[in-house]
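Welcome! Take a moment to look over the sequence and the 3D view, and then let us walk through them together.

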Amino acid sequence: METPPKRLCGARNRQGEPCRKLPMAGKTRCMMHGGKTPKGTRGNRTHGLYSRHLTADEQAQWDDISLGAVDDELRLLRVYLARCVALDAGTADLELAEVRRTSGAGGDTETTIAKRPDTSGRMNWLIGRIALLERTRSDMIVAQQQAGKDPYEQARMIREALDAMAKIENGEGA
């Protein structure tokens, strides 16, 4: 009686040779080459990380939010930065205080803790995000110019197409 051939993973390793490890139980590949991957994965799953924290109004607007508008994001971040600078200037003399009273065996104690809004941390984050978006925007413009296309002409054509689609949806004709 012949013994069945030993099953091996068979995936190609970095040297280009077949992997010699045994596949995982019930699988055709070893752990290193995808044997732990569950069957029937959907790729990017919907996890609800963002949607579970949205208000009802935000959920209604979720699908209508335009994506890929780097210029709009930059404008919005600059507005937030201006608000943050104004808040920082307006709270220079502001001290928020928290008073904690405790009582114990040693008697009653009172501790005052002074706090200020962390506007400098928020400004640093906003400036970093603006720099990243500016770089992304410039990379997109350079890529379009290298392809021989005027980015502003493309934006105009997209806007015209969207306007035409909106007219059709509103029943105004083509």
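**A walk through the model**

The structure holds 5 salt bridges, a salt bridge being a side-chain nitrogen of Lys or Arg within 4 Å of a carboxyl oxygen of Asp or Glu. Before we visit some of them, a word on what you are looking at. This is a predicted model, in which local features need pLDDT of at least 70 and side-chain atom pairs count only at pLDDT 80 or more, while totals for chains, interfaces and linings use all residues. Residues are numbered from 1 along each chain as its sequence is written, and side-chain values use heavy atoms, with hydrogens and water left out.

Let us begin with D71 and R137. These two form a salt bridge whose closest N and O atoms are 2.4 Å apart. D71 lies in helix α2 and R137 in helix α3, so the pair ties together parts that are 66 residues apart in sequence. Helices (H or I, at least four residues) and strands (E, at least two) are DSSP runs, numbered from the N terminus. D71 has a relative accessible area of 31% and is partly exposed; R137, at 25%, counts as partly exposed too. Here buried means under 20% relative accessible area, exposed over 50%, and partly exposed in between (1.4 Å probe, protein chains only).

Another link of this kind joins E134 and R78, whose side chains meet in a salt bridge at 2.6 Å, N to O. E134 belongs to helix α3 and R78 to helix α2, so this pair ties together parts that are 56 residues apart in sequence. E134 is partly exposed at 29%, and R78 is partly exposed at 42%.

R75 is exposed, with 53% relative accessibility, whereas D72 is partly exposed at 43%. As a general point, side chains of opposite charge can pair when their charged atoms come close.

Now let us turn to the nonpolar side chains. Which residues make up the largest nonpolar core? The answer is a set of 9 residues: V70, L74, L77, L81, C84, M123, L126, I130 and L133. A nonpolar core is a set of buried Ala, Val, Leu, Ile, Met, Phe, Trp, Tyr and Cys residues joined through side-chain atoms within 4.5 Å. Helix α2 (70-90) and helix α3 (119-146) each supply at least two residues of this core, and α2 gives the most, with 5 residues. In soluble globular proteins, nonpolar side chains tend to be buried together.

Leaving aside its neighbours within four places in sequence, I130 is in contact (heavy atoms within 4.5 Å) with L74, L77, R78 and L81. R78 is also the partner of E134 in the salt bridge described above.

Follow helix α3 along its length next. Its 28 residues should span 40 Å at 1.5 Å a residue, and its end C-alpha atoms are 40 Å apart, which agrees; the expected span is 1.5 Å times one less than the number of residues. The buried residues of α3 are T119, M123, L126, I130, L133 and I141. Just after α3, G148 takes a positive phi of about 80 degrees.

T119 deserves a stop of its own. T119 counts as buried, at 2% relative accessibility, and, apart from neighbours within four places in sequence, T119 is in contact with C84, L87 and D88. T91 is found in the loop between α2 and β1 (96-104), and T91 is buried, with a relative accessible area of 7%.

Finally, look at D108, which lies in strand β2 (residues 107-115). Is D108 buried or exposed? With a relative accessible area of 68%, D108 is exposed. Not counting residues up to four places away in sequence, D108 touches T102 and S103.
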